[in-house]
Amino acid sequence: MRLNLPQVLAPLARRIPGAPRPEREGDDAEAFDLVRTETRLKNRAQVERYLPDILGRALARIWIDPIFRDRFADDPVATLAAYGVFLPDTISIAFETEGTARPRLVVYEQTGPLRPKQRMLYLQLVMMAGK
């Protein structure tokens with residue numbers, strides 16, 4: 001199965017495990033998709049491999065869509081699920097804006113009930129200028 005991405009972003013060459021996603025109805029039906037097929041990430045290795053690309057697309061959408069930004073800020077994991085991206089129960093995402101004009105998405109893993117959650121990765125848009 002090959003992942004078809006919007007042409008405005010760099011295509012993802014890797015394969016993401018998943019199944020075809022059912023069509024959505026309502027006001028989100030024509031919205032920018034984060035993935036083309038339902039994507040179920042089952043373990044840490046899959047999260048590390050595929051989630052940065054998916055969250056990169058989410059950050060791009062957050063930048064231009066205030067409704068999506070508010071929805072994502074309220075509950076990142078549920079918003080991803082609404083767009084067909086399902087994470088393991090051990091994975092959580094924090095939407096951080098404190099101290100920065102651009103939001104940062106931090107992915108955590110909870111490895112056990114008595115262990116503190118550990119930061120796996122984070123993503124933040126960075127603006128660069130060159131000469």
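## Aromatic pairs and confidence in a predicted chain

The structure, a predicted model, holds three aromatic pairs; rings of Phe, Tyr and Trp (its six-membered ring) pair if their centres lie within 6.5 Å, and planes under 30 degrees apart count as stacked, over 60 as edge-to-face and the rest as tilted. One of them joins phenylalanine 68 and tyrosine 83 edge-to-face, at 5.5 Å centre to centre with 85° between the planes. Phenylalanine 68 belongs to helix α2 and tyrosine 83 to the loop between α3 (76-82) and β3, so this pair ties together parts 15 residues apart in sequence. Ring pairs link Phe68, Phe72, Tyr83 and Phe95 into a cluster.

Residues are numbered from 1 along each chain as its sequence is written. Local features need pLDDT of at least 70, side-chain atom pairs count only at pLDDT 80 or more, totals for chains, interfaces and linings use all residues, and side-chain values use heavy atoms, with hydrogens and water left out.

| Residue | Relative accessible area | Class |
|---|---|---|
| Aspartate 65 | 18% | buried |
| Phenylalanine 68 | 2% | buried |
| Tyrosine 83 | 1% | buried |

Aspartate 65 is placed in the loop between α1 (44-64) and α2 (66-74). Its side chain reaches the backbone nitrogen of isoleucine 67 at 3.1 Å, and a polar atom of that side chain lies 3.1 Å from the backbone nitrogen of phenylalanine 68.

Elsewhere, the charged end of arginine 40 sits over the ring of phenylalanine 86, 4.2 Å from its centre, and lysine 117 lies over the face of tyrosine 108, 4.4 Å from the ring centre. A charge sits over a ring if NZ of Lys or CZ of Arg is within 6 Å of the ring centre and within 35 degrees of the ring normal.

The chain has three helices and six strands, which are DSSP runs (helices H or I, at least four residues; strands E, at least two) numbered from the N terminus. Along the sequence the pattern is β-β-α-α-α-β-β-β-β. Of the 131 residues, 38% are buried.

Confidence is given by pLDDT (the predictor's confidence in each residue, from 0 to 100). The chain averages 80, and 75% of the residues score at least 70. The mean is lowest in strand β1 (residues 18-20), at 49, and highest in strand β3 (residues 85-86), at 96. Over residues 24-30 the pLDDT is below 50. Where pLDDT is low, the predicted coordinates should not be read in detail.

Conventions:
Buried < 20%, exposed > 50% of the residue type's maximum accessible area, 1.4 Å probe, protein only. Polar contact = N/O pair within 3.5 Å; in protein donor to acceptor, adjacent residues only side chain to side chain. Contact = heavy atoms within 4.5 Å.
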